[in-house]
Amino acid sequence: MAPIINQWAVIMIVLSGIALCTGVYFIRTGKRVWHMRAMLTASALATIFLVLYLTRLALGYEKVFTGPAAWKPAYYTLLISHIILAAANLPLALVALWNAWGGLKRAGNLNNIDAPAALPYFNRHRAWVRWTVPVWLYVAVTGWIIYLVLGRWGELVTG
C-alpha cells in the first residue's frame, strides 16, 4: 500500500507544480480568475501531497541514499535545503492565500482589486508571493530530483 501512496504523492506534487506555473502565467497575462483557479488547484494538490506523504511516512515507507559516496555531500545538501524550504513553504503559502482571500472579500470580485479596502491585502499578497513562488518551485523541483535519485540509488528502510 505504501508504494502506491508514494506514487500518488509524486503525481500530486508534479501536478501541483504544473498548476503553480500555470497560475503564474495567468497572472502575468492578466487572467485573474484563471490565476485564482490555478493557484487554488495548486494549493489543493499540494495539500493532498502532504497528506499522502505523511501517511507514507507513518506506514514506515522510507528510502535512504545508497548512491556513489562522492555524490553524498551534494545529495544531502539538496535534501537538507529541500526539507528546510518545504517547512518554510507552508506558512508562506498560507499567508499568501490569506491575503488574497482577504482582498477578494473586500473587493467583491477580481475586477475591483484596486478598491481601497482590498488594496492593502492584494499588495501584501503580491509581496508574499515574491518569496513563496520561488520557494515552492524550488521545493517541488528538488523533491522530484530526490525522488528520481532515490528511485535509482535508494534503499527501502524497513522498520
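What follows is a chat about pockets in a predicted model.

Biologist: Before we start, what should I know about the numbering and the model?

Modeller: Residues are counted from 1 along each chain as its sequence is written. The model is predicted, so local features need pLDDT of at least 70 and side-chain atom pairs need pLDDT 80 or more, while totals for chains, interfaces and linings use all residues, and side-chain values use heavy atoms, without hydrogens and water.

Biologist: How do I read a pocket?

Modeller: Rolling a probe the size of a water molecule over the atoms shows where empty space is left. On a 1 Å grid over the protein atoms alone, a pocket is an open set of points where a 1.4 Å probe fits, with protein on both sides within 12 Å along at least five of seven lines; lining residues have an atom within 4 Å of a point.

Biologist: How much space lies in the largest pocket here?

Modeller: About 1,100 Å³, where a volume is the space filled by probe spheres set on the points, joined across faces, edges and corners. Its lining has 39 residues, with Phe49, Tyr53, His82, Ala86 and Val139 nearest the centre.

Biologist: Which element gives the largest share of that lining?

Modeller: H3 does, with 12 residues; helices (H or I, at least four residues) and strands (E, at least two) are DSSP runs numbered from the N terminus. Helix H3 spans 72-107.

Biologist: And the second largest pocket?

Modeller: That one holds about 780 Å³. It is lined by 27 residues, and His35, Met39, Ala100, His125 and Val129 are the closest to its centre. Here H4 gives the largest share, nine residues.
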